[in-house]
Amino acid sequence: MAVRSGDLTATVVARCAAEVPFYGELPRRTLDGEVTRSITAVHELLLRALRDGGAMDSGDLTRLIEWSGRRAEERVPLEAVIAAYLIGAEVWWQVLTETAEPEELTGAGASLLAWLHAALPAVVLAHRNAQEDIHSEDKRVRRALLTALLAGRPYEELAETAGVTVTGEHEVVALSFESNPPVRLVQSSLEARAGVPVLMDHVAGIALLPGGCDVLGLPGSLGKEVGQRVFAAAAPAVDPAAVPAAAAEAGRVLELVQRLGRPPGLYRLDDVLLEYQLARPGDALLRLAAKLDPLDEHPYLLETLRVFVDHGHNRRQSALELCVHRNTLDYRLHRVSTLTGLDLAVPAEARLLQAALVARDLA
């Protein structure tokens, strides 16, 4: 078997390149170099195991663990690593059947299985541990990248390290959930919609999606994934320099729609432009809200006004929702005008009453 090691290695390399997509995409120099050296080294361990009845000492196991960690650091998928080991074992056995005497095959087969039984669990565990370390580092770099973008600090080096493209337009989305959903579920849902890795601060609820991404249906699809209602606000950023302002706008819009008791969905600044301006704190907001103070002792009148405004001053629809006769509706609206001193029949005063409703909700 030692004499045939070179041919055996070449066969394994050729089959890996032909049967495993990851190896098939590697350049020839890598297959002839690092891949061939790795397979040769594993064959040396198999030779020692064959001499020792399948036993693997701690030194050999340590070397396997080290090699597996290195493969993970090189971003070799675990499934490709396992496929290479199994192809190697198959080729090894084929050569054994050609080399060994019939009475030697039982012992040789037992040695191969014992070696695989010891090697593969160690390989999988080492690879996964290394992948978790890499994933943690990737997440750290991506968090740092998003933090830099949101703060308007230099980001180019972090973007290169993270392997993320951040040039061009983006949609900055602020998200709010009823309860804390699984982070991985939210992340995978966003990336499935975007088609690329998504930068997201899951604590602050800020995500950076590529420009042109369909965010309108995002709350609905994400809500189905996480099993709860989702509120979202989006603001465009024409380039990375515009991300901080877009994030601030999206955050303020999200806070506003929740204060106003709006239903779940996606909102932009244009959807709440009047409310956004009215939300500025100050005496004007309080004075505007106070226009409806005369209705405090008549909650049914306040409800009538709100329904009337929500239905665009449509008397028929308002009466249907309130379950009252049109004459009753007209009487209530007249009482609203009398108590507040603002006539709903006058466009300017009707707009003032509508704005007063918003100010009252905000104040």
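**Ground rules.** I note that this is a predicted model, in which local features need pLDDT of at least 70 and side-chain atom pairs count only at pLDDT 80 or more, while totals for chains, interfaces and linings use all residues. Residues are numbered from 1 along each chain as its sequence is written, and side-chain values use heavy atoms, with hydrogens and water left out. Helices (H or I, at least four residues) and strands (E, at least two) are DSSP runs, numbered from the N terminus.

**Largest pocket.** I worked on a 1 Å grid over the protein atoms alone, where a pocket is an open set of points with protein on both sides within 12 Å along at least five of seven lines, a cavity is a set where a 1.4 Å probe fits but cannot get out, and lining residues have an atom within 4 Å of a point. Grid points are joined across faces, edges and corners, and a volume is the space filled by probe spheres set on the points. The largest pocket holds about 630 Å³ of space, and among its 21 lining residues H135, D138, K139, R142 and Q187 are the closest to its centre. Helix α6 gives the largest share of this lining, namely seven residues. By class the lining of the largest pocket has nine nonpolar, five polar and seven charged residues, where Ala, Val, Leu, Ile, Met, Phe, Trp, Tyr, Cys and Pro count as nonpolar, Asp, Glu, Lys and Arg as charged, and the others, Gly among them, as polar.

**Second largest pocket.** I then turned to the second largest pocket, whose volume is about 420 Å³. Its lining has 24 residues, and Y23, S38, I39, R71 and A84 lie nearest its centre. At least two lining residues come from each of α2 (21-24), α3, α4, α5 (78-99) and α6, and the largest share, eight residues, comes from α3. I counted the classes of this lining as 16 nonpolar, five polar and three charged.

**Helix α3 against α4.** Two packed helices are described by the angle between their axes and the distance between the axes. Axes are lines fitted to C-alpha atoms, for helices over the stretch in contact, and angles run from 0 to 180 degrees between N-to-C directions. Helix α3 (residues 28-51) packs with helix α4 (residues 58-73) at an angle of about 160°, their axes being 11 Å apart. The two are therefore roughly antiparallel to each other, given that angles under 35 degrees count as roughly parallel, over 145 as roughly antiparallel, 65 to 115 as roughly perpendicular and the rest as oblique. The crossing of α3 past α4 is left-handed, a term for a near helix turned anticlockwise from the far one by less than a right angle, with right-handed used if clockwise. With contact meaning heavy atoms within 4.5 Å, E34, S38, A41, V42, L45 and R48 in α3 meet D60, R63, L64, W67, R70 and R71 in α4. I sort the residues of this contact into five nonpolar, one polar and six charged.

**Helix α3 against α6.** For α3 and α6 I find an angle of about 125°, with the axes 9 Å apart, which makes α3 oblique to α6. Here α3 passes α6 in a right-handed crossing. From α3, V42, L45, L46, A49 and L50 meet A108, S111, L112 and W115 of α6; the classes in this contact are eight nonpolar, one polar and no charged.

**Helix α3 against α5.** The α3 and α5 pair packs at about 50°, with axes 12 Å apart, and the two are therefore oblique to each other. Helix α3 passes α5 in a right-handed crossing, and V42, H43, L46, L47 and L50 of α3 make the contact with Y85, W92 and L96 of α5.

**Cavity.** How many cavities of 30 Å³ or more does the structure hold? I find one, lined by L46, A49, L50, W92, A108, S111 and L112. The elements giving two or more residues to that lining are α3 and α6, and its classes are six nonpolar, one polar and no charged.

**Backbone check.** I also noted R75, in the loop between α4 and α5, with a positive phi of about 65° although it is not a glycine.
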